[in-house]
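Please look at the chain below, both its sequence and its fold. The text after it starts with one residue and then turns to the whole chain.

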Amino acid sequence: MLDPFTTPLPDRHFEDYPPGLHAEYGPTTVTADEIVAFATAFDPQPMHVDAEWAAAGPFGGLIASGWHTTAIMMRLLVDHWLNGETSLSSPGVDELRWHRPVRPGDQLTARFTVLEARPSASRPDRGILRTRIELVDADEQLVMSQVMTNFVLRRP
């Protein structure tokens with residue numbers, strides 16, 4: 001885990017995210033039960049929910065839904081990166097890619113790098129953050145990447 005912040009999460013505002021800031025959080029281990037539970041609810045394809053089918057399928061075993069992988073990243077973001085009270089919303093993500101399948105037992109670490117931090121021209125109480133987010137496995141293999149934009153309150 002690499003946490004460069006001196007400000008605790010509940011006190012973080014826009015000013016705490018300068019361009020170039022880099023942080024890493026994790027690892028978190030993915031289990032077969034989690035893969036199946038998520039996919040059963042949201043992405044019930046055989047490669048995600050049926051271990052027997054998946055073993056004979058193109059991936060040679062059970063794999064997590066890409067949406068599950070993204071949800072794991074989101075949990076790390078909420079727990080460590082953005083303050084839930086000063087993070088106002090996100091208009092979306094760009095460049096979302098799933099590079100490698102995530103399998104039961106994989107340990108994932110999230111890497112956050114601020115690409116841009118600028119005050120809002122129309123709303124002076126907030127700023128706009130653009131962050132490159134990467135999720136890597138224990139072998140440092142990239143499994144997911146995206147660029148996320150967030151609106152974050154400035155300090156009063």
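Arg126 lies in strand 4, which covers residues 126-136. Strands here are DSSP runs of E with at least two residues, helices are runs of H or I with at least four residues, and both are numbered from the N terminus. This is a predicted model, in which local features need pLDDT of at least 70, side-chain atom pairs count only at pLDDT 80 or more, and totals for chains, interfaces and linings use all residues. Residues are numbered from 1 along each chain as its sequence is written, and side-chain values use heavy atoms, with hydrogens and water left out.

Is Arg126 buried or exposed? Arg126 counts as buried because its relative accessibility is 15%; buried means under 20% relative accessible area, exposed over 50%, and partly exposed in between, with a 1.4 Å probe and protein chains only. Leaving aside residues up to four places away in sequence, Arg126 touches Leu88, Pro119, Ser120, Val152, Leu153 and Arg154, where contact means heavy atoms within 4.5 Å.

Now for the chain as a whole. Its secondary structure consists of four helices and five strands, and from the N terminus on the order is β-α-α-α-α-β-β-β-β. The C-alpha trace spans about 55 × 30 × 25 Å along its principal axes. Of the 156 residues in the chain, 42% are buried. Among contacts between residues at least 6 apart in sequence, 69% join residues at least 24 apart.
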